[in-house]
Amino acid sequence: MGSAELLQYVVAGFKSGAIYALVALGFTLVYGSTGIINFAQGEFFMLGGVLSVFYYRLGLPLLLAALAGVVTTAGVGLAFERLALRPRRDAGALVLIIITIGGSMVMKSLTRHIFGPDEATLPEFTPGPSIAFGGVAIERQALWLWGLTIVAVLALTWLYRKTRFGRAMRACSLSHDAARLMGIDTARVVMVSFGLAAALGALAGLAVTPLTQTAWDVGATAGMKGFAAAILGGLGNPVASVIGGLVLGLLESLSVAFLSSTYKDAIALIVLLIVLFLRPQGLIGRARREKV
Amino acid sequence: MTSDSILAVERLSAGYGRVAVLRDVSVDLAAGEMVALIGANGAGKTTLLRSLAGLLKPSGGRVWLEGADVTGMAPERLVRQGMALVPEGRMLFGPMTVTENLLLGAHSRPRRDESVRTDMDRVSALFPVLVERSSQPAATLSGGEQQMLAVGRALMSSPRVLLLDEPSLGLAPKVIADIFRVLKSLRSEGLSILLVEQDARLALRHADRGYVMRTGEIALAGTGAQLLENDDVRHIYLGARHDSRG
Ligand SMILES: Nc1ncnc2c1ncn2[C@@H]1O[C@H](COP(=O)(O)OP(=O)(O)O)[C@@H](O)[C@H]1O
Ligand SMILES: [Mg+2]
């Protein structure tokens, strides 16, 4: 294999990797503030694509349709937490996780019911031929994808590190009791993290739609990959989640290059199992913190 | 309940699930007073403080703070009413810096409250070591420094009532002396303090009054001096096993 060809695989790997990173960030945000895995995270990815297509077909300009898709999905995330999870928040992690699985099924069937079973797509944000770069062809939409991922990560880092609300979110991820003693409204922090997680998932789902199409059933795979990425990097740590996403995308792409495309989707599962067995705190994460 | 008490606890009951721990506990605290609550391990001291701070919903009884009924109020609201807890085990935000911990202590106050800065300076003056450590993660501090941070963080909410759960636990005598010096200076500035201690002699020597708790009930009450003289207290809490620490 020539180096240009290899590089092409690397580019492809980072393309999926950016998607996984955004979905993984959603897992990490919710895990951080609640200590639970939100198995509806993949459906936020799906809703981002499907809803943006819906708004676009209504006649909204593309970027406005995308924004509306993100905002609506964030609203779904907020409502899901408020209506389905908060009433049972004292029931323990297992019950809450099962509710997220149920929620994911409901979101999926409702989407199929309302928007139909067919695949749909969006135009590229800036149509045009791929950009040649060092013998590698890079789709313009991939640049959008990377750009949006970088912006999302920077925005999230700024929120976490520099704002009062971000400080409250971090406090919440360490101990709800201690956070409440500081006067932090932990219920609100939890709800907002669901909203943010939904927005990130939606962003990934709609940005990739021009490349892969979308439909009511794309959430499960995206969710699984994002979850594997989050576990690989280290659940609960945003930077680690992004790195986990990129590494997973790269591993998948290289497995196609050197093994066979048959194994591509199994990689995430294999990575998940290996990490859980050998290094449950992830590549970067430290030993898991006590949850209160 | 006396009319001048800033905190009055009337026949409070509380527990975990179906396990009752506190039964009819009545305690009060006058403005500017330091009251010690002593008792053996498992007597229910932490349970009482957690109930007062709102982390545990009482199953019966009343809590009055500055004349207002605050029974069952959530902790995030109670801290805005002027009650702060320095919890057992400190519960610091370990990976976050000393400064961030202190800022979180002020989270309950209005965003642009000028006096937050003043209080930050005041805490820095009380615990100068926290200034040296300001950008270090709280978890990297020594035990004594962590306890100072826990007290400083609680003070950042500008409380009128401070609840402390075993601040001396595991600390060297010199550090304990430092912390008690600060507590007494806070009291002289008008702060009301309810102090839980296992080290009965230490607590009673510094406190104006004390309560002795036994299996979820108040067994004895009196001034610090009275309790130190009391035969039961001497026998059970000040015996050979509980040597004075300096
Ligand atoms: N989270 C809990 N769940 C059930 N029982 C508890 C819990 N915490 C404390 N207890 C019980 O309540 C009693 C009082 O404990 P605690 O208030 O911690 O006592 P103290 O602070 O005086 O040592 C003990 O019997 C203890 O076993
Ligand atoms: Mg205790």
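In chain B of this predicted model, helix α1 (residues 45–53) lies across β3 (34–39), β6, β7 (161–165), β8 (192–197) and β9, and runs at about 150° to β7(B). Helices here are DSSP runs of H or I with at least four residues, strands are runs of E with at least two, and both are numbered from the N terminus. Angles go from 0 to 180 degrees between N-to-C directions, with axes as lines fitted to C-alpha atoms, for helices over the stretch in contact; contact means heavy atoms within 4.5 Å. Helix α6(B) (residues 143–155) lies across β6 and β7 of chain B, at about 170° to β6(B).

Now for the sheet itself. It is open, with six strands in the order β6-β7-β8-β3-β9-β10 (chain B) and mixed pairing, where two strands pair if DSSP finds at least two bridges between them. β6 (83–86) and β10 (217–223) of chain B sit at the edges with a single partner strand each, so one side of each has no neighbour in the sheet. Strand β9(B) (residues 209–214) pairs with β10(B) in the antiparallel sense over six bridges, and B:Val212 has B:Leu220 in β10(B) as its bridge partner.

Residues are numbered from 1 along each chain as its sequence is written, and chains are lettered from A and ligands numbered from 1 in the order in which they are written. Local features need pLDDT of at least 70, side-chain atom pairs count only at pLDDT 80 or more, totals for chains, interfaces and linings use all residues, and side-chain values use heavy atoms, leaving out hydrogens and water.
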